[in-house]
Amino acid sequence: MANVNVQAAEPLFTAGGRRIDVGQLKVDGPSVRIGRVTLDVGPETGGTSRIWAGLSPAEARELAQRLLDQAARAEGESSPMAAQGVVEVFRAGPHGWVATANGRHLLTAGGRALAPTPVEQLVASAATCAAERAARFLEGRGLPRDTLRVTAHYDELDDQPARITSLRLVLALPPGLDPQRHAALRDALTRCAVTNTLRHPPKVMVDLR
């Protein structure tokens with residue numbers, strides 16, 4: 001017999017009176033295992049229309065990305081564009097944050113499993129920067145980059161000052177890359193602004209206003 005488990009997060013109430021519930025639906029059985037993200041949009045005040053949807057994890061991420069895209073566009077129409085070199089962070093739900101930069105956005109979470117934590121995003125930034133540099137290197141030499149993969153391994157210290165103590169990037173290169181080109185690729189990776197920032201830390205200042 002399958003076990004059905006339904007979990008719901010804290011509901012969101014819109015200005016128009018709709019209640020929006022986002023949760024998880026899990027079905028575990030001998031021959032089936034299903035995980036869905038549930039979206040339940042209740043009626044507006046005095047209305048009767050209601051929408052329910054069960055999304056795969058990939059579909060839920062795609063929906064979240066599209067919602068953030070539209071939120072950034074809506075904010076861009078009602079507020080001035082942030083200056084170059086400026087990132088602003090706003091609250092997104094009870095446990096999340098959205099960072100915006102020049103109309104683009106990134107979702108993060110403060111210690112919850114809703115999204116990568118700030119530390120995980122720092123590591124992801126280094127891995128992504130290396131992946132982009134490696135992809136440019138391969139593309140410039142007519143080599144495939146679709147199978148390129150970067151895995152980041154890191155150690156984190158909770159003692160004061162809390163910090164990342166080590167970071168190792170492992171690049172899974174596409175087959176057929178001549179080992180003699182590894183040195184040139186390593187040189188290309190030294191141009192990554194994120195890893196260079198970690199090697200040469202900037203001056204960090206905090207203003208309270």
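From the N terminus, the elements of the protein chain follow the order β-β-β-β-β-α-β-β-β-α-β-β-α-α. In total there are four helices and ten strands, where helices (H or I, at least four residues) and strands (E, at least two) are DSSP runs numbered from the N terminus. The model is predicted, so that local features need pLDDT of at least 70 and side-chain atom pairs count only at pLDDT 80 or more, while totals for chains, interfaces and linings use all residues. Residues are numbered from 1 along each chain as its sequence is written, and side-chain values use heavy atoms, with hydrogens and water left out.

The protein chain has 209 residues, of which 20% count as buried; buried means under 20% relative accessible area, exposed over 50% and partly exposed in between (1.4 Å probe, protein chains only). Its accessible surface comes to about 15,500 Å², and carbon and sulfur atoms contribute 55% of this. These areas come from the Shrake-Rupley method with a 1.4 Å probe, and for residues only the protein chains shown count as cover. Among contacts in the protein chain with a separation of 6 or more, 30% are between residues 24 or more positions apart, a contact being heavy atoms within 4.5 Å.

Three strands form an open, antiparallel sheet in the order β6-β7-β8; two strands pair if DSSP finds at least two bridges between them. Its edge strands, β6 (88-92) and β8 (104-109), each pair on one side only. From one strand to the next, the twist averages 25°, with axes taken as lines fitted to C-alpha atoms (for helices over the stretch in contact) and angles running from 0 to 180 degrees between N-to-C directions. Strand β7 (residues 96-101) runs antiparallel to β8 and is joined to β8 by six bridges. Within this pairing, G96 stands opposite A109 in β8, and V98 has L107 in β8 as its bridge partner. The two strands β7 and β8 form a hairpin with two residues between them, and N102 in the turn has a positive phi of about 55°.

One disulfide was found in a search of the whole structure, a disulfide being a pair of cysteine sulfur atoms within 2.5 Å. This disulfide joins C129 to C192, with an S to S distance of 2.2 Å. C129 lies in helix α2 (residues 118-140), whereas C192 lies in the loop between α3 (182-189) and α4 (193-199), so the pair ties together parts that are 63 residues apart in sequence. C129 counts as buried because its relative accessibility is 18%. C192 also counts as buried, at 1% relative accessibility.
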